[in-house]
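Subject: Structure for you to look at

Hello,

Here is the structure I said I would pass on. Please open it beside this email and follow along.

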Amino acid sequence: MGFALNFKSGQIVSLECGDACLHSEVIQVVEARQVCWVRPLMLVVLGSGNESSAEYTLSDLRDGADLLWPLSLFRAAVDTEVISLLTQLHSLDSEKKDAVITSRQLRDFVDRVWEAYPSAFP
């Protein structure tokens, strides 16, 4: 996990945990508390637990809850990794979005991060 105070509003950041990666937009960095307010955009989960696999599931989290999490958990997203995902995200059929399912996916990811990085959450 990379510590970065250089995040700017509107920047895309990533948080990886196991076979999943949460891509979010920075809303605000609260330097005094070393936390970042982010708006989740999408969750990418690799298929079959194989990190070299090209198969993945993309979940649209744009209508979900914001997060206020330690800066140390995030890294700046690389343009080449998110541009194609953002294109796919915008082309997802909005009628197929299920708010309950996407909310649950984000909640499950949050639980996994809390378990994986307990020292990041005082």
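This is a predicted model: local features need pLDDT of at least 70, side-chain atom pairs count only at pLDDT 80 or more; totals for chains, interfaces and linings use all residues.

Residues are numbered from 1 along each chain as its sequence is written, and side-chain values use heavy atoms, with hydrogens and water left out.

Helix 1 covers residues 79-91 (helices are DSSP runs of H or I of at least four residues, strands are runs of E of at least two, both numbered from the N terminus). Its buried residues are V82, L85 and L89 (buried is under 20% relative accessible area, exposed over 50%, partly exposed in between, with a 1.4 Å probe and protein chains only). An α-helix has 3.6 residues a turn, so residues three or four places apart point the same way. D79, T80, I83, T87, H90 and S91 are exposed on the other side of helix 1.

S14 sits in strand 1 (residues 12-17) and counts as buried because its relative accessibility is 1%. The side chains of S14 and H23 are joined by a polar contact of 2.8 Å (a pair of N or O atoms within 3.5 Å; within protein, one must be able to donate a hydrogen and the other to accept it, and residues adjacent in sequence count only if both atoms are side-chain atoms).

Q34 lies in the loop between strand 2 (20-30) and strand 3 (35-46). Q34 is not a glycine, yet has a positive phi of about 60°.

Regards

Note on methods
The expected span of a helix is 1.5 Å times one less than its number of residues.
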